[in-house]
Amino acid sequence: MLVESVYRSEDLPAPERFEGWRTLLGQTHAPVELVSDHHRDIRVVQRTLSLGAVSVWPSSFQPVIFRRTPRLVRESDPGRLHLTLPLKGKLHVSRERDEATYGPDDLNVLSTSHPFEVRALASSDGLNTGVGLEVPAALLSLPDRLLDRSTGLRLSAKEGFGVLLAQLLTQLANGGHSYQPADGPRLGAIVVDLVSALLAQALDSGELLAPETRRQALVLRVRAFVQANLHDTRLTPSVVAAAHHISTSYLHRLFQNEDETVAAWIRRQRLERARRDLADPAQHGVPIHVIAARWGFPQAADFSRAFRNAFGVPPKEYRRETRSPDAAL
């Protein structure tokens, strides 16, 4: 599991909860002023996940106003870029140059080097829920003048690099149990590459990215494309390359530094999806050949052979072994 700390307002006496959260925000983001009608007994849950120099903090809280004033900027600036993905509720953001409202399809960008005001509006459950992301600006492969321009952008969480970043943040918000502490810095590096590529794309400045950042961002796009098209039996390295407007040979070079070739990775992902479905009690009535075809194996014999080679047992035996006692009755 990733290194994580959790702040729950209910763990503190009511009079200490509001100030306790303000102090925490000063550590995870930057010093801010807080204003809320619920300041006497606010409800807050904030998890803070450490990804090396990057931190992610899923949180849920009652409506509040965050203010980073010019005085606070002068007194303390950790030099971070902050991105927020709203999950429930909205954020109304006022900056020096503009103001806008952001919802679950948007990514909002703020800088600790500039003043702002954020009004967090509740959803139907009375809470605002989202995921905050803190990235040291110095790690991003963009000059300061472009980072300054990035604040105020409306970045889509439904397409391009935005959807990849949103998927990762949502996965972390739902729990980092599938990761080990040593995975934190690796995930942090992935986040930095994604944010750099996302901002460069939005600012039409991709040529300013470091070559390695561009390479990693393209690999992430390729992986997301493959995951979304595993069911297609025509999915081959040449199809993947064409979808990304690169040559097949360049695609293979991209994966030279990865753990396996493109074709091997596609095959392994298909087998993993099939294995998951075979172990799913809700799908025990689905014929094995149907599951195989669903994940790109139209020939049952080919699937059985590939499954045995990958997992040491044929699919029929694997399904039998993973059945619960109740399912076998």
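## A walk through the predicted model

Of the 329 residues in the protein, 46% are buried, where buried stands for under 20% relative accessible area, exposed for over 50% and partly exposed for what lies in between, with a 1.4 Å probe and protein chains only. This is a predicted model, in which local features need pLDDT of at least 70 and side-chain atom pairs count only at pLDDT 80 or more, while totals for chains, interfaces and linings use all residues. Residues are numbered from 1 along each chain as its sequence is written, and side-chain values use heavy atoms, with hydrogens and water left out.

The protein contains 13 helices and 12 strands, which are DSSP runs numbered from the N terminus, with at least four residues of H or I for a helix and at least two of E for a strand. Taken along the principal axes, the C-alpha atoms fill a box of roughly 70 × 55 × 35 Å. When contacts (heavy atoms within 4.5 Å) between residues at least 6 apart in sequence are considered, 71% of them join residues at least 24 apart. The protein has 40 positive and 37 negative side chains, counting Lys and Arg as positive and Asp and Glu as negative, but not His or the chain ends. With each charge placed at NZ of Lys, CZ of Arg, CG of Asp or CD of Glu, the centres of the two sets lie 5 Å apart.

Rolling a probe the size of a water molecule over the atoms shows where empty space is left. On a 1 Å grid over the protein atoms alone, a cavity is a set of points where a 1.4 Å probe fits but cannot get out, whereas a pocket is an open set with protein on both sides within 12 Å along at least five of seven lines, and lining residues have an atom within 4 Å of a point. Grid points are joined across faces, edges and corners, and a volume is the space filled by probe spheres set on the points. By this rule there are 2 cavities of 30 Å³ or more, and the largest cavity has a volume of about 250 Å³. It is lined by 21 residues, of which Trp57, Phe66, His82, Thr84 and Val118 are the closest to its centre. Strands β4 (54–61), β6 (80–88), β9 (106–111), β10 (116–121) and β11 (128–136) each supply at least two lining residues, and the largest share, 5 residues, comes from β11.

The largest pocket holds about 1200 Å³ of space, and among its 29 lining residues Tyr179, Leu187, Ile190, Leu220 and Arg223 lie nearest its centre. Two or more lining residues come from each of α4 (160–173), α5 (183–202), α6 (211–228) and α9 (262–279), with α5 giving the most, 7 residues.

Leucine 203 is found in the loop between α5 and α6, and it counts as buried because its relative accessible area is 7%. Leaving aside neighbours within four places in sequence, leucine 203 is in contact with Leu146, Arg149, Ser150 and Leu153; from serine 150 it is 53 residues away in sequence and 7.4 Å away in space, C-alpha to C-alpha.

Further along, histidine 244 lies in the loop between α7 (237–243) and α8 (248–254), and histidine 245 lies in the loop between α7 and α8 too. Histidine 244 is buried because its relative accessibility is 10%, whereas histidine 245 is exposed because its relative accessible area is 75%. With neighbours within four places in sequence left aside, histidine 244 is in contact with Leu218, Arg221, Val222 and Phe225. Histidine 245 has a phi near 60°, a positive value in a residue other than glycine.
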